[in-house]
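Subject: A structure for you to look at

Hello,

Here is the structure I said I would pass on to you. Please open it next to this message, and then read on for what turned up.

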Amino acid sequence: MRIISGTSKGKRITAPKKLPVRPTTDIAKEGLFNILNNHYYFSQVSVLELFSGTGNISYEFASRGTENIISVDGNYGCVKFIEKTAKELDFPIETIKSDAYLYLAKVKQAHDIIFADPPYGFKKEEFSKIVDLVFSNQLLEEEGVLIIEHSKHTSLEDHPKFSYAKKYGGSVFSFFESEAV
């Protein structure tokens, strides 16, 4: 994986093979950040990355100037890898080892962007639980967005907070907002 843009543009990051991850592809990540770039000033947002794995999305935000980033993953190896990489790149990423659902149930801090990349094998109810926890606990700022990456074989369009989806190869980004358009 590589960082697409910003201060560390072109930097390649190689995660240990033993980590249980499926990083977002560079093409999908580039498409996602093109969308976000039209709506946000990266230096002014706070970001929460759930199921962060290698930290791929967090690094991209940090490279683009985001200074308030929290990466949450339940795997100790993933959290340690993100900590090590963030330190090497001098990125302001706070890591938290936690189950994403437990984290969402107890945290009170709202964010502008919440990105979740759970395992593609999740059942629809497991994806919906993420959306429900984010909105019931008011974890998005007023103009905030929740983005869930999932397989093209899963549709989340029937959730009331669903706004739109963008497909990149076998991956889909579903966007959820307080006032779905």
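Below are my notes, going from the core to the pockets and then to the charged pairs.

One thing to keep in mind is that this is a predicted model.

Helix α2 deserves a look of its own. How many of its eight residues are buried? Eight of the eight are, so the helix is mostly covered. They run from Asn-56, Ile-57, Ser-58 and Tyr-59 through Glu-60 and Phe-61 to Ala-62 and Ser-63. The cover over these residues includes α1, β1, β2, α3, β3 (93-97) and β4. Following α2 you will find Gly-65, with a positive phi near 105°.

Setting aside residues up to four places away in sequence, Phe-61 touches Phe-33, Leu-36, Phe-42, Val-47, Thr-66, Ile-69 and Ile-113.

**Ile-114 in β4**

Next, have a look at Ile-114, which sits in strand β4. Its relative accessibility is 0%, so Ile-114 counts as buried, the cut-off being under 20%. Beyond its neighbours within four places in sequence, Ile-114 is in contact with Leu-48, Leu-50, Val-134, Leu-139, Leu-140, Val-145, Leu-146 and Ile-147. The C-alpha atom of Ile-114 is also 5.8 Å from that of Val-47, although the two residues are 67 apart along the chain.

**The two largest pockets**

The largest pocket has a volume of about 370 Å³, and 24 residues line it. Which of them lie nearest its centre? They are Pro-20, Phe-51, Asp-73, Asp-117 and Pro-119. The elements giving two or more residues to this lining are α2, β2 (68-73) and α4 (100-106). By class, the lining of the largest pocket has eleven nonpolar, eight polar and five charged residues.

The second largest pocket comes to about 200 Å³. Twelve residues line the second largest pocket, and Tyr-40, Glu-143, Gly-144, Val-145 and Glu-177 are the closest to its centre. Strand β5 gives the largest share of that lining, with four residues. Five of the lining residues of the second largest pocket are nonpolar, three are polar and four are charged.

**A buried serine in a loop**

Ser-52 is in the loop between β1 (46-50) and α2 (56-63). With a relative accessible area of 5%, Ser-52 is buried. Its contacts, leaving aside neighbours within four places in sequence, are Ser-71, Val-72, Asp-73 and Ile-82.

**Salt bridges**

Side chains of opposite charge can pair when their charged atoms come close. A search of the whole structure gave six salt bridges, and here are some of them.

Arg-2 and Asp-26 form one, at 3.4 Å from N to O. This pair links distant parts of the chain, with Arg-2 in the segment before α1 (26-37) and Asp-26 in helix α1, 24 residues apart. Arg-2 counts as partly exposed, at 26% relative accessibility.

Asp-158 and Lys-124 make another, with their closest N and O atoms 3.2 Å apart. Here too distant parts of the chain are linked: Asp-158 is in the loop between β5 (140-151) and β6 (162-168), Lys-124 is in helix α5 (residues 124-136), and 34 residues separate them. Is Asp-158 buried or exposed? Asp-158 is exposed, with a relative accessible area of 59%, whereas Lys-124 is partly exposed at 33%.

Glu-60 and Arg-64 form a salt bridge with 2.9 Å between their closest N and O atoms. Both Glu-60 and Arg-64 are buried. These two are also linked with Lys-29 in a network of salt bridges.

That is the tour. Happy viewing, and do write back with any questions.

Best wishes

Technical notes: Residues are numbered from 1 along each chain as its sequence is written. This is a predicted model: local features need pLDDT of at least 70, side-chain atom pairs count only at pLDDT 80 or more; totals for chains, interfaces and linings use all residues. Side-chain values use heavy atoms; hydrogens and water are left out. A salt bridge is a side-chain nitrogen of Lys or Arg within 4 Å of a carboxyl oxygen of Asp or Glu. Buried means under 20% relative accessible area, exposed over 50%, partly exposed in between (1.4 Å probe, protein chains only). Contact means heavy atoms within 4.5 Å. On a 1 Å grid over the protein atoms alone, a cavity is a set of points where a 1.4 Å probe fits but cannot get out, and a pocket is an open set with protein on both sides within 12 Å along at least five of seven lines; lining residues have an atom within 4 Å of a point. Grid points are joined across faces, edges and corners, and a volume is the space filled by probe spheres set on the points. Ala, Val, Leu, Ile, Met, Phe, Trp, Tyr, Cys and Pro count as nonpolar, Asp, Glu, Lys and Arg as charged, and the others, Gly among them, as polar.
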